[in-house]
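Hi everyone, thanks for making the time. I'd like to walk you through a single chain today, from the overall fold down to a few residues.

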Amino acid sequence: QVQFVESGGGLVQPGGSLRLSCVASGGTFSSYGMYWFRQAPGKERQFVAQISGNSVFIDYADSVKGRFTASRDNAKNTVYLQMRDLKPEDTGVYYCNGGRNRDAKRYDHWGQGTQVTVSS
């Protein structure tokens, strides 16, 4: 079973930037797409970004397009989420997962996530 460990979250002011990392262990990392999700307080976990195994296909939720950039380094089994121009509504716990689905309910196992708080 593949496991994921997220890091890089923190407290940042509106307009600031953060880069999240997610390291995978187990499986063949380059063979599967990676997804970022986030869960705001009191809300369901939602899709944020996806990147295919070879980085050819990358897509984002409308709410983060133009501000977030997903990338991956298959040699390091790591996927990144560069977040710029952060807004208070970006606050939440960010998770990564590997698979083929944007629906968070389709995943059974999750890492601990990393907290992002955007506040002045």
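Predicted model: local features only at pLDDT ≥ 70, side-chain atom pairs only at ≥ 80, totals over all residues.

If you walk along the sequence, the pattern reads β-β-β-β-β-β-β-β-β-β.

Next, the overall dimensions. For 120 residues, a compact globule would have a radius of gyration near 14 Å, and the chain comes out at 13 Å, which agrees. The C-alpha trace spans about 40 × 25 × 25 Å along its principal axes.

How much of the chain is buried? Buried residues account for 47% of the 120. As for the surface, the accessible area of the chain is about 6300 Å², and 45% of that area belongs to carbon and sulfur atoms. For those of you who care about charges, I counted 14 positive and 10 negative side chains. The centres of these two sets are 3 Å apart.

Let me also mention contacts across the sequence. Take the contacts between residues at least 6 apart in sequence: 55% of them join residues at least 24 apart.

That brings me to the disulfide. A search of the whole structure turns up one, and its partners are Cys22 and Cys96, with sulfur atoms 1.8 Å apart. Which parts of the chain does the pair tie together? Cys22 sits in strand E3 and Cys96 in strand E9, residues 92-99, so the link connects parts that are 74 residues apart in sequence. The angle about the S-S bond is 60°, and the link is right-handed. Are the two cysteines buried or exposed? Cys22 is buried, and Cys96 is buried too.

What does Ser21 touch, once we set aside residues up to four places away in sequence? The list is Val5, Glu6, Ser7, Trp36, Thr78, Val79 and Tyr80.

Moving along, Tyr32 is in the loop between E3 and strand E4, the latter being residues 33-39. Although Tyr32 is in a loop, it counts as buried, at 14% relative accessibility. Again leaving out residues up to four places away, Tyr32 touches Val2, Phe4, Ala24, Gly26, Gly53, Arg72, Gly98 and Gly99.

My last stop is Asn101, in the loop between E9 and strand E10, where E10 is 114-118. Asn101 has a relative accessible area of 22%, and is therefore partly exposed. Beyond its neighbours within four places in sequence, Asn101 is in contact with Tyr35, Phe37, Arg106 and Tyr107. Here is another pair for your viewer: Asn101 and Gln50 are 51 residues apart along the chain, with their C-alpha atoms separated by 9.2 Å.

Note on methods:
Residues numbered from 1 in each chain as written. Heavy atoms only, no water. Helix = DSSP H or I, 4+ residues; strand = E, 2+ residues; numbered from the N terminus. Rg over C-alpha atoms; globule rule 2.2 N^0.38 Å. Buried < 20%, exposed > 50% of the residue type's maximum accessible area, 1.4 Å probe, protein only. Contact = heavy atoms within 4.5 Å. Areas by Shrake-Rupley, 256 points an atom, 1.4 Å probe, with all protein chains shown as cover. Lys, Arg positive; Asp, Glu negative; His and termini not counted. Charge placed at Lys NZ, Arg CZ, Asp CG, Glu CD. Disulfide = S-S within 2.5 Å.
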